[in-house]
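Work through the exercises below with the model open beside you. Try each task before you read its solution.

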Amino acid sequence: MFHRNIKLILAGLIIATGIWQFTENNIGNGIFLILFSLVFILLYFKNEFILLAFLKLRKQDFAGAQKWLAYIKNPETALVRKQQGYYNYLHGLMLSQTNLMQAEKHFKKAVELGLSMDMDLAVAKLNLAGVAMSRRRKIEATNLLNEVKKLDKQNMLKDQIKMMKEQMKKI
């Protein structure tokens, strides 16, 4: 696991080597090195371990996703701000199965750091609304559900929102 700035330094060195190859009339090597440097630039913005954890989570393999996230030792230095949000989002999703108190902490931090996609933000806030509802904080849960409804543009969470509102009537 490289520090995020090391990835940029490696990309810069590879680009410089590619340009040097162009000046030596090794066009093929130069093109390959320029394209190879794009891998490090991509990994700067999209962390490889978070991508692998998402793939494991898609298959409902929580243990495998947790294993990939465990490779990130210090998220503050290894990840950019949005990636830190997704790091906490993934931890929150996995902990929501077992420990709601810790999951709430991770979801709040993920919302604070920011998530790129509205759907991910909606899922995080929906989980926060569920935690607030379980703690009998009806006003907070209602506000979060209204935010989820605004963020859910494809109506994928419509059934979950409806079910939570029905459960809130019982509180």
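Predicted model: local features only at pLDDT ≥ 70, side-chain atom pairs only at ≥ 80, totals over all residues.

Residues are numbered from 1 along each chain as its sequence is written, and side-chain values use heavy atoms, with hydrogens and water left out.

**Exercise 1. Compare the span of helix α6 with the expected span, then decide how enclosed α6 is.**

Step 1. Helices are DSSP runs of H or I with at least four residues, numbered from the N terminus. Helix α6 covers residues 81-95, which is 15 residues.
Step 2. The expected span is 1.5 Å times one less than the number of residues. For α6 that is 21 Å, and the distance from first to last C-alpha is close to it at 21 Å.
Step 3. Buried means under 20% relative accessible area, exposed over 50%, partly exposed in between (1.4 Å probe, protein chains only). In α6, 13 of the 15 residues are buried, so the helix is largely enclosed by the rest of the structure.

**Exercise 2. Classify Gln-84 as buried or exposed, and list its contacts.**

Step 1. Gln-84 sits in helix α6.
Step 2. Its relative accessibility is 13%, so Gln-84 counts as buried.
Step 3. Contact means heavy atoms within 4.5 Å. Not counting residues up to four places away in sequence, Gln-84 touches Arg-4, Pro-75, Glu-76, Leu-79 and Leu-113.

**Exercise 3. Find the buried residues of α7 and say what covers them.**

Step 1. Helix α7 runs over residues 100-113.
Step 2. Its buried residues are Ala-103, Glu-104, His-106, Phe-107, Ala-110 and Leu-113.
Step 3. Their cover includes α6 and α8.
Step 4. Now look past the end of the helix. Gly-114 follows α7, with a positive phi near 100°.

**Exercise 4. Which element gives the most to the nonpolar patch?**

Step 1. The patch consists of Ile-19, Phe-22, Ile-27, Ile-31, Leu-35 and Leu-38 on the surface.
Step 2. The elements giving two or more residues are α1 (4-23) and α2 (27-45).
Step 3. α2 gives the most, with four residues.
Step 4. Check one member: Leu-35 is in helix α2. Leu-35 counts as exposed, at 53% relative accessibility.

Notes
Patch = residues over 30% accessible without salt bridge, like charges linked within 9 Å, V, L, I, M, F, W, Y side chains within 5 Å. Areas by Shrake-Rupley, 256 points an atom, 1.4 Å probe, with all protein chains shown as cover. Salt bridge = Lys/Arg side-chain N within 4 Å of Asp/Glu carboxyl O.
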